[in-house]
Amino acid sequence: MTDTTIQTHEGEASFGDYFALLKPRVMTLVVFTAFTGLLVAPVPVHPFIGFAAILFIAVGGGASGALNMWWDADIDSVMKRTRKRPIPSGKVAGDEALAIGLALSGFSVVMLGLATNWFAAGLLAFTIFFYAVVYSMWLKRSTPQNIVIGGAAGAFPPMIGWAAATGGVALESVLMFALIFMWTPPHFWALALFMRSDYDDAGVPMLTVTHGRPATRRHILAYTVLLAPLAVGLGLTSVGGPVYLVTAVLMNAWFLKGAVQIWRRDEGLAEADNYKVEKTFFRFSLYYLFAHFGALLADAALLRAGFGGALWL
Amino acid sequence: MALKVEHEIHQRRSGRNMGVAICLVGFVAIVLGLTVVKVQQIGAVQGFDHVVRPELAAGAGE
């Protein structure tokens with residue numbers, strides 16, 4: 001009798017494969033924006049509690065990523081970009097990803113509640129539910145507005161960070177949410193214009209396919225126009241300062257200029273220069289978000305160093 | 001017979017086991033740290049314990 005039968009698994013999962021389920025690249029955005037939300041809040045937080053709160057928010061974000069990978073395993077295996085993810089590559093079983101996603105969801109929400117407050121924990125639970133159920137299960141495959149809805153899930157972290165510090169919601173945290181929410185569609189649709197995406201094969205409706213490229217260009221302009229006043233408006237609240245206002249005005253002016261250029265172009269022109277404008281706009285959109293939240297951090301640092309009011313004079 | 005049998009699965013999964021160990025140690029450290037910070041934030045905890053404590057009596061009179 002043998003006590004165990006060990007099979008040799010060629011593609012056996014390493015710790016890194018399980019970590020990859022948590023979508024670490026998305027997590028960096030979650031960590032950065034949640035950190036900003038927590039730090040610019042008017043209520044000071046003990047550094048260790050702040051660290052723990054950011055960690056649990058990141059774990060919660062990772063848990064929703066694992067649930068998303070479990071649910072989307074079928075389309076991930078069709079698309080080139082996602083084919084090497086742990087589940088389609090056969091390294092991690094779908095059930096394992098589901099178990100990890102559920103366990104880390106519960107863990108992160110309970111720990112955030114214990115470390116900070118239950119309002120922040122509730123927001124984190126809602127974010128996980130929104131991304132895994134509302135976005136991934138209900139809407140991703142049924143509407144070309146999936147990017148807009150998915151953007152809401154990515155926009156919650158600064159609100160959670162703020163709630164971890166203050167225990168509630170304020171105009172400032174709603175505007176930080178709105179900034180990411182309105183930024184997401186132009187960011188992804190610019191990418192969709194120059195990436196010959198394989199979402200079609202996977203049966204995921206993308207605006208570029210369902211409504212056409214000219215409509216996508218109009219959508220990019222519309223969202224960018226709506227984004228600009230929200231972004232600048234955030235600078236007029238208590239978390240804004242000179243660094244943020246200058247950053248927001250300059251970046252939104254450039255972003256609007258790029259969106260107008262994209263709107264004016266047609267496919268012939270775009271293909272002629274290999275989507276130069278769209279690619280520049282997409283790259284700039286990454287700097288745009290990091291610059292806005294970085295500027296909020298800079299103003300918060302200046303305020304704490306005692307330069308808050310002096311710089312306005 | 002060797003006293004310690006090192007099975008192939010131990011080597012194969014050493015990375016995973018190490019990762020889990022680091023996570024667990026990290027979790028313990030975070031819970032310990034949170035406990036220390038939370039207890040410190042409560043401030044000095046003392047009450048009447050069959051012995052009159054003047055500082056508490058003064059506080060109670062305010």
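In this predicted model, two residue pairs are in polar contact across the interface of domain 1 of chain A and domain 2 of chain A (both at pLDDT 80 or more). Zero salt bridges are found across that interface.

**Domain 1 and domain 2 of chain A**

- The domain assignment places residues 15-169 of chain A in domain 1 and residues 170-313 in domain 2; the centres of these domains, taken over C-alpha atoms, are 22 Å apart.
- Domain 1 contributes 33 residues to the contact and domain 2 contributes 34 residues.
- About 3,000 Å² is buried between the two domains, with carbon and sulfur atoms giving 78% of this area.
- On the side of domain 1, Phe32(A), Pro144(A) and Ile147(A) lose the most area to domain 2, together 20% of what that side buries.
- Helix H2 (24-40) and helix H7 (146-166) of chain A are the elements that give two or more residues to the side of domain 1, and H7(A) supplies the largest share, 11 residues.
- The residues on this side comprise 19 nonpolar, 10 polar and four charged.

**Chain A and chain B**

- The contact involves 20 residues from chain A and 19 residues from chain B.
- The area buried between the chains is about 1,500 Å², and carbon and sulfur atoms give 71% of it.
- Between chain A and chain B there are zero salt bridges and three residue pairs in polar contact (both at pLDDT 80 or more).
- Helix H1 (15-20), helix H3 (47-71) and helix H5 (94-115) of chain A each supply at least two residues of the side that touches chain B; the largest share, six residues, comes from H3(A).
- That side of chain A divides into 14 nonpolar residues, five polar and one charged.

Notes
Residues numbered from 1 in each chain as written. Chains lettered and ligands numbered in written order. Predicted model: local features only at pLDDT ≥ 70, side-chain atom pairs only at ≥ 80, totals over all residues. Heavy atoms only, no water. Contact = heavy atoms within 4.5 Å. Buried area = accessible area lost by both parts, 1.4 Å probe. Salt bridge = Lys/Arg side-chain N within 4 Å of Asp/Glu carboxyl O. Polar contact = N/O pair within 3.5 Å; in protein donor to acceptor, adjacent residues only side chain to side chain. Helix = DSSP H or I, 4+ residues; strand = E, 2+ residues; numbered from the N terminus. Nonpolar A, V, L, I, M, F, W, Y, C, P; charged D, E, K, R; others polar. Domains from an automatic or database assignment.
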